[in-house]
Amino acid sequence: MGTLGVNMFGKMLKAFFSMALKVGVIALLVYWLVQWDSFVFDVLFVIAMLFYSAIEVKVRARMRSTSYVIPVLAGLFAGTMLTGAGLLLVNITSLAALSARFVLPVFAILLTGTADVLARSMSMYYAGLRHHNQFYYYMLGNGATHHEALSYLTRRAVQQAAACGISALVGGTSVGAGAAMMWAMIMGGSTVVDAVVLFVLLLLGVFCSSIVATVVAVKVARRYSLDAYGRMKNTK
């Protein structure tokens, strides 16, 4: 790149060491969790990932108030726990389904995919609160309840989640990161059938988790969007 006048060596080196440090810490932690294979430690690690994902959604959705983390936490918990429990039940033909080798990757994939969709959905929801508040008061003035007036913004957020989920379903079956995960499972020793089935289940799991998380998060967020008189709070 030097011949092209692009001097990025320092930034690339910094990014490489940052990536190596993060991957190294996570790999070491996951290594010990797999070695211990304790269901209690697995649950604690999933809870830690849950809080980290909630903070990530808050940052990406540009929600400045700390109280808005509560709806995100509620959505992530409901979506990932229900879907994760379903995936565990589907694969519970043996006790190996409850081991750290299965529990940790499943919940990590669910949380990562759900957090990405939820950040976009909540961003649209709060943007709607800021830019469509006149429509909200117009609905109230024409006899609508607070629930009915907010249903439009709720529907937009859920539509955004569904659109992102469908894009993930379509894109995941191409040459993206999702397909790479399937090939990695095959390289790791899984049969082609097992890799494909698990891959499809995870894609559907992320889709269902995203929808449930968005619906629950928006429902809980209504408490923090309106004051005691039904007026929209300042969400900027």
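Predicted model: local features only at pLDDT ≥ 70, side-chain atom pairs only at ≥ 80, totals over all residues.
Of the 236 residues in the chain, 34% count as buried.

Now switch to a cartoon view. The protein chain has eight helices and zero strands, so the order of elements from the N terminus on reads α-α-α-α-α-α-α-α. Among contacts in the chain with a separation of 6 or more, 71% are between residues 24 or more positions apart.

**The main core**

Select V57, M63, V72, L118, M122, Y125 and Y126. These residues have the most contacts inside the largest nonpolar core, which has 36 residues. To see where the core comes from, colour α2 (39-60), α3 (69-90), α4 (100-131), α6 (146-172) and α8 (192-225), each of which supplies at least two of its residues. The greatest share comes from α4, with 13 residues.

Next, centre the view on V57. Leaving aside neighbours within four places in sequence, V57 touches M63, V72, A115, L118 and A119.

Then move to M182, A195, F199 and L203. They are among the five residues of a second, separate core.

**A stop at T80**

Go to helix α3 and pick T80. Is this residue buried or exposed? T80 is buried, because its relative accessible area is 0%, and the limit for buried is under 20%. Show what surrounds T80: apart from neighbours within four places in sequence, its contacts are L50, A85, F107, L110, L111, T114 and S209.

**The second largest pocket**

The last stop is an open space. Rolling a probe the size of a water molecule over the atoms shows where empty space is left. To find the second largest pocket, select R101, F102, M185, S190 and L198, which lie nearest its centre among the 16 lining residues. The volume of this pocket is about 380 Å³.

Which elements give two or more residues to the lining of the second largest pocket? They are α4, α7 (177-187) and α8. Of these, α8 gives the most, with six residues. Colour the lining of this pocket by residue type to see 11 nonpolar, three polar and two charged residues.

Key: Residues numbered from 1 in each chain as written. Heavy atoms only, no water. Core = buried A, V, L, I, M, F, W, Y, C linked by side-chain atoms within 4.5 Å. Buried < 20%, exposed > 50% of the residue type's maximum accessible area, 1.4 Å probe, protein only. Helix = DSSP H or I, 4+ residues; strand = E, 2+ residues; numbered from the N terminus. Contact = heavy atoms within 4.5 Å. 1 Å grid on protein atoms, 1.4 Å probe; cavity = no way out; pocket = protein on both sides within 12 Å on 5 of 7 lines; lining within 4 Å. Points joined across faces, edges and corners; volume = space filled by probe spheres on them. Nonpolar A, V, L, I, M, F, W, Y, C, P; charged D, E, K, R; others polar.
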